[in-house]
Amino acid sequence: MAPGGGGPRVDGMNGIPPNRTGAAAPRAAALGRADSGPDCQVLVVGAGPTGLVLGAELLTRGIRTRIIDKGDGVALQARAIGIHARTLEILDMMGLAERFTERGQVVRHLRFYSQGRCLTSLEFARCGSRFGFLLDLPQDETERLLRARIAELGGVVEQGAELTGLAAGADAVTASIRCNAGQVQTITAGYVVGCDGAHSRVRSELGLTFHGQPYPQDWLLADVLLDWDLREDAVHAFFRLDGLPMILFPMRGHRWRLTLPFAGSRGGQAPTLAEIQELTDQRAPRPVTVSDPTWLANFRCHRRSASGYRRGRVLLAGDAVHIHSPAGGQGVNTGMAEAHNLGWKLALVASGRAPDALLDSYGTERRPVAEQVLKLTHALVHYGSMSHPIKRRVRDIVVPALGRSTAIQRRVASRISQIYVAYPPGPLARPDRARGGPRPGRRMPDIKVRAGGQAATLHRALRGGRHVLIVPAAHLASALSDSGLRPYSSDLQVVTGDAAQAPAPDNGTGPVLLVRPDGHVAARGSPGSMEPVTGYLRDLFQEPAGHPTARSQKTVHHTPSAAPPQIKDDLEDTAAGKPGTGSSAHWQTRNLT
Ligand SMILES: Cc1cc2nc3c(=O)[nH]c(=O)nc-3n(C[C@H](O)[C@H](O)[C@H](O)COP(=O)(O)OP(=O)(O)OC[C@H]3O[C@@H](n4cnc5c(N)ncnc54)[C@H](O)[C@@H]3O)c2cc1C
């Protein structure tokens with residue numbers, strides 16, 4: 001379909017006139033709009049945390065990306081204030097974790113109380129990550145740091161640009177945009193991703209339903225000072241006989257985020273400090289004075305998820321596809337993880353390196369995670385608001401007993417911090433029969449590796465944006481001599497790893513590990529048996545980067561690689577001039593949704 005042309009529409013999309021208004025293109029058009037074809041390869045709608053992570057992941061890989069937002073800058077409300085361990089690992093793979101940890105406050109415990117008695121303290125250190133804590137950072141700060149990254153990558157957030165309609169063609173999607181000044185323009189994009197929050201216009205343009213329901217009453221939030229010497233490295237959740245809990249989350253400057261669920265139906269009206277004080281008097285286990293509010297808010301929580309993650313060239317991520325209560329601080333973390341899962345796949349597809357069907361794996365992998373998040377947040381609300389005396393009594397006996405078990409502590413900490421997230425077996429997580437070691441689909445721990453003769457870590461190696469192949473130093477030459485690997489030399493960062501840190505599978509299929517750009521294990525092989533690894537690469541890539549056609553594509557630019565130069569040269573030399581052996585048949589013949 002010609003850009004802006006009248007190709008077939010995605011079912012359920014509202015129509016827009018496909019003509020351009022001739023209004024001046026926003027600044028981001030300077031990102032490299034081609035003379036013909038779409039204005040950009042990907043249009044990201046919404047510059048909240050989800051859209052900003054996605055934008056950064058695409059820009060890192062040289063994808064012509066436009067990011068629009070209807071707002072006029074960073075949202076000035078603190079909103080989400082908890083960044084969990086898996087999100088910090090993702091930020092580490094993006095080279096941003098240090099910037100975040102420098103600015104945030106470390107929270108190590110989640111303490112549950114009933115009638116003023118501490119039932120248990122969940123230790124985030126048990127989550128299994130080197131980031132054994134929850135980082136307290138207000139959402140506006142998170143967005144500022146991500147916007148700075150977008151700018152470093154040469155990108156721009158086009159502010160005051162509201163998406164008002166979408167029309168899909170065979171080769172592109174046309175988005176209708178209303179600018180602050182009132183003019184309307186269109187942007188054509190190879191793909192559009194709706195990261196436009198709970199009231200997503202993209203979702204409604206796709207005609208997708210947002211199944212679920214609201215919780216029965218409003219919740220109140222207050223960012224305040226308290227005259228209470230509670231430990232500031234812990235979140236404190238107070239359960240009560242009447243089922244009306246109070247949650248205190250530490251913030252910088254000795255401030256607290258006070259959350260008061262089930263505060264009646266207030267019709268969206270923000271509370272006053274006097275009302276917050278009154279509710280605190282009712283719910284706190286001791287007298288506390290609340291003062292100096294920086295933010296008071298009233299909101300109604302919903303538990304909803306969209307009926308799909310993708311329709312053709314349009315995808316959804318973050319709050320646009322699921323919303324839930326803030327219990328457990330999952331929302332912003334889930335959205336950023338989705339963007340990280342989608343970013344590398346969309347970059348490969350948008351640049352023609354991988355077949356379009358790869359994008360179906362995004363929903364296949366992320367939907368079950370979002371379902372777990374909805375269950376977890378609902379369970380936390382349910383247990384925290386129990387008022388039935390018998391159920392409450394059982395809770396108050398069972399929770400301390402469970403909390404004493406190290407295994408349960410580990411399990412719950414890894415669940416809340418999203419470290420547990422693993423993807424199902426399939427083309428992107430090659431199942432094997434080996435026991436032990438990090439299994440395909442699971443998150444690969446940030447082990448020490450050697451890259452380019454230098455000591456490094458896996459996350460550091462992943463900053464190059466490519467798959468990382470971890471080979472034991474002793475087997476490097478034999479593993480790399482596999483002819484099936486050579487065509488993919490430009491798609492791989494090869495590092496040597498210590499098998500003792502990344503325990504190898506025990507039946508001979510290890511210990512070579514292929515790690516996806518999002519840090520999950522793709523496939524495992526061994527020096528004499530690389531087929532799981534090479535099979536994965538053959539199925540993933542439309543054609544190897546070593547193929548002359550792919551080499552001539554100028555759209556994919558990886559950031560400088562830290563691959564050992566000798567290894568890279570070896571692979572590239574051998575690959576040069578070899579015809580491509582890759583095939584997309586695997587994707588085309590499998591139903592991934
Ligand atoms: C009061 C409150 C407290 C919360 N507390 C927590 C918490 O403690 N922990 C937690 O994890 N989560 C919390 N959340 C949820 C968290 O804020 C969200 O999960 C998170 O913001 C989702 O990020 P997102 O990028 O997907 O969407 P958003 O942050 O909503 O970003 C969407 C962006 O899209 C833009 N946009 C919308 N429509 C259009 C359009 N048509 N065209 C162009 N741009 C558009 C918006 O301007 C916005 O910038 C809270 C939310 C609220 C409201």
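1. Which strands do the buried residues of H6 pack against? The model is a predicted one, in which local features need pLDDT of at least 70, side-chain atom pairs count only at pLDDT 80 or more, and totals for chains, interfaces and linings use all residues. Residues are numbered from 1 along each chain as its sequence is written. The partners are S12 (210–226), S13 (234–239), S14 (246–251), S15 (255–260) and S16, contact being C-beta atoms, placed from the backbone, within 7 Å.

2. In helix H6 (residues 273–283), Ile276, Leu279, Thr280 and Arg283 are buried (20 or more other C-beta atoms within 10 Å of the residue's own; exposed, 12 or fewer). They lie on the same side of H6 because they cover an arc of only 105° around the axis, taken from the directions from the helix axis to the C-beta atoms. The face turned away from this buried side carries exposed Ala274, Asp281 and Gln282.

3. The protein comprises 16 helices and 25 strands (DSSP runs: H or I, at least four residues; E, at least two). Of its 593 residues, 52% are buried.

4. Gly46, Gly48, Gly197, Gly318 and Gly331 come nearest to the ligand among the 34 residues around it (C-beta atom, placed from the backbone, within 6 Å). Helix H7 (331–350) is one of the elements that supply at least two shell residues; H7 gives the largest share, 4 residues.

5. Domain 1 (27–76 + 140–209 + 307–373) and domain 2 (211–303) each contribute at least three residues to the ligand shell, the bounds coming from an automatic or database domain assignment.

Methods:
Contact = placed C-beta atoms within 7 Å.
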